[in-house]
Amino acid sequence: MPFDLDPSLLVILIVFGFLAAFIDSVVGGGGLIALPTLLFTGLPPAAAVATNKLAGTIGSLTSTIMFYRSGKIDFKSVYKLFPLTFIGSIIGAWTVHLLDPEVLKPLMLVMLAAVAIYSIFKKNWGSETTNKKLSVRHLTIFMILIFAIGFYDGFIGPGTGSFLIFAFLMIGFDFLKAAGNAKFLNFGSNIAALLMFIILGQVNFAYGIPMGLAQFAGAFCGSKFAIKQGSGYVRALFIVVTFLLLAKNTYDYLH
């Protein structure tokens with residue numbers, strides 16, 4: 001595949017890739033920026049989604065490393081959950097060939113709305129870590145939820161970061177650690193879906209690699225800024241991005 005991109009197109013991929021990763025590195029939602037950018041370049045929808053996974057995988061890996069180095073990932077807990085999002089995402093990406101993703105969109109919109117409203121009215125939620133050891137029953141429910149979110153990421157995708165953060169907030173993590181844990185698991189679902197898309201030959205590397213390098217820089221800066229600003233900043237960005245995801249996906253669904 002040729003890599004001789006038009007300079008103006010390259011600038012677009014780099015600028016919007018950086019912006020997408022800056023936001024996505026903390027609370028997800030980078031697809032709001034990256035995916036329309038790839039569609040604007042003229043890629044078919046399937047190729048745009050697959051190429052976005054390449055760039056997003058690079059960004060989520062960078063964010064994961066940044067959060068881990070800052071001690072904001074509860075690695076002893078979340079590494080056991082990594083296979084759940086990985087396997088769930090592979091199954092989700094494969095299921096796209098069997099079912100129309102539109103069937104889950106109404107449920108996704110309801111869930112995004114619930115996440116946004118709950119986060120606004122629970123004002124002190126996520127300000128500090130209060131998580132305790134889960135009972136077998138609650139742990140089983142939590143693991144099923146994480147697997148389902150991984151499946152969702154491979155099947156549809158928008159809002160995965162918000163759903164993962166919400167899951168960790170529900171068991172007592174503060175916003176910053178919830179974001180770090182979510183990024184690690186989101187990397188698992190991203191790379192799983194990416195592998196499936198590569199096998200299917202849908203990834204455009206000529207567009208994905210430049211955008212991915214830009215996402216490396218954006219994720220580095222975004223993660224560093226979030227870690228410095230703390231949970232209050234992450235909470236505010238989380239609510240804004242969740243509402244934007246809800247608005248955009250509602251518009252897409254209705255039209």
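Predicted model: local features only at pLDDT ≥ 70, side-chain atom pairs only at ≥ 80, totals over all residues.
The residues concerned are Ala21, Asp24, Ser25, Gly56, Gly59, Ser60, Ser63, Lys183, Gln215 and Ala219. Two or more lining residues are given by each of helix H1 (7-27), helix H3 (45-69) and helix H10 (205-229). Of these elements, H3 supplies the largest share of the lining, with four residues.

The space in this cavity amounts to about 40 Å³. With a threshold of 30 Å³ or more, the structure holds one cavity. Rolling a probe the size of a water molecule over the atoms shows where such empty space is left.

## A salt bridge between lining residues

Asp24 and Lys183, which both belong to the lining of the largest cavity, form a salt bridge with each other. The closest N and O atoms of the pair are 3.0 Å apart. The bridge links distant parts of the chain, since Asp24 lies in helix H1 and Lys183 in helix H9, 159 residues apart. In the whole structure, a search finds three salt bridges.

## The largest pocket

The largest pocket contains about 1,000 Å³ of space. Its lining comprises 42 residues, and the closest to the pocket centre are Leu35, Val49, Ile156, Gly157 and Pro158. Two or more lining residues come from each of H1, helix H2 (31-40), H3, helix H7 (136-155), helix H8 (160-170), helix H9 (175-199) and helix H11 (231-254).

H3 again deserves mention: seven residues, the largest share of the lining of the largest pocket, come from this helix. Sorted by class, the lining of the largest pocket has 17 nonpolar, 17 polar and eight charged residues.

## The second largest pocket

A volume of about 380 Å³ is found for the second largest pocket. This pocket is lined by 16 residues, of which Ser77, Leu134, Leu139, Phe142 and Ile171 are the closest to its centre. The elements that contribute two or more residues to this lining are helix H4 (75-78) and H7. In terms of class, the lining of the second largest pocket divides into nine nonpolar, two polar and five charged residues.

## Packing of H7 against H8

H7 and H8 each give two or more residues to the lining of the largest pocket, and these helices also pack against each other. Their axes come within 10 Å and cross at roughly 175°. An angle over 145 degrees counts as roughly antiparallel, and H7 and H8 are therefore roughly antiparallel to each other.

On the H7 side, the contact is made by Phe142, Leu145, Ile146, Ile149, Tyr152 and Asp153. On the H8 side, Thr160, Phe163, Leu164, Ala167 and Phe168 take part. The residues of this contact comprise nine nonpolar, one polar and one charged.

## Packing of H9 against H11

H9 and H11 also have a place in the lining of the largest pocket, each with two or more residues. The axes of H9 and H11 are 7 Å apart, and the helices pack at an angle of about 65°.

From H9, the contact involves Phe175, Leu176 and Ala179, while H11 brings Ser231, Val234, Arg235 and Phe238. By class, the residues of the contact of H9 with H11 are five nonpolar, one polar and one charged.

Terms used
Residues numbered from 1 in each chain as written. Heavy atoms only, no water. 1 Å grid on protein atoms, 1.4 Å probe; cavity = no way out; pocket = protein on both sides within 12 Å on 5 of 7 lines; lining within 4 Å. Points joined across faces, edges and corners; volume = space filled by probe spheres on them. Nonpolar A, V, L, I, M, F, W, Y, C, P; charged D, E, K, R; others polar. Axes fitted to C-alpha atoms, helices over the stretch in contact; angles between N-to-C directions. Parallel < 35°, antiparallel > 145°, perpendicular 65-115°, else oblique. Contact = heavy atoms within 4.5 Å. Salt bridge = Lys/Arg side-chain N within 4 Å of Asp/Glu carboxyl O.
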